[in-house]
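Hello,

Here is the structure you were expecting. Please have it open while you read the notes below.

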Amino acid sequence: MYLSLIIFSAAILGGCAYSFTGASVPAHWKTIAIPLFDDDSGFGQPSLREDVTNILIQKFQQDNTLQMADRQNANVELKGAVTSVIADQPIAVGEGTQASRLQLSLKAKVTLIDHVKNKEVWSKDFSATGDYAASEGQSGRENGLQQAIENITDDILLETVSAW
């Protein structure tokens, strides 16, 4: 009986966590331009701005809410810059004092501009992290960066298409 009450309560509370913020974008938004992001991070990864921009474009193409267009023909434009990348932050300690898990944090400033109404819709700071094992070295750091890029581009897509 007690277990049933806990399961029922968890199901009810879990259902309450569902959000209905997924309204569609404004009706006049059909196309989006995403120019190459800037890289102001000083992280030293030559392909960082291309990686963030290309993954973001892929996510918008997969989402299919807005069609990609060049800047002159787009209803909205998503401009951004990677502002910070901090790698090798310890998040777990193994035996002794050695870190066993590390984290990379990625931050970006992104602005959404409505070209039809000639106004800035929002300008926000986004951040995401990626974790990796300390023993993985450079490949682990690259995996952490990739994970952070995936996470931050998910957040940017969601903010653009479903925060209405």
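**Notes on the model**

Leaving out residues up to four places away in sequence, Gly-80 touches Phe-37, Asp-38, Lys-109 and Val-110; contact here means heavy atoms within 4.5 Å. This is a predicted model: local features need pLDDT of at least 70, side-chain atom pairs count only at pLDDT 80 or more, and totals for chains, interfaces and linings use all residues. Residues are numbered from 1 along each chain as its sequence is written, and side-chain values use heavy atoms, with hydrogens and water left out.

Gly-80 belongs to strand β4, residues 76-93 (strands are DSSP runs of E, at least two residues; helices are runs of H or I, at least four; both are numbered from the N terminus). Gly-80 is buried, at 13% relative accessible area (buried is under 20%, exposed over 50%, partly exposed in between, with a 1.4 Å probe and protein chains only). Its C-alpha is 9.5 Å from that of Lys-124, 44 residues apart in sequence.

Gln-146 is in helix α3, residues 137-161. Gln-146 counts as partly exposed because its relative accessibility is 35%. Its C-alpha lies 9.7 Å from that of Leu-104, 42 residues apart along the chain.

On confidence: the protein averages a pLDDT of 88, and 86% of the residues score at least 70 (pLDDT is the predictor's confidence in each residue, from 0 to 100). Over residues 5-21, pLDDT stays under 50. Where pLDDT is low, the predicted coordinates should not be read in detail.

Best wishes
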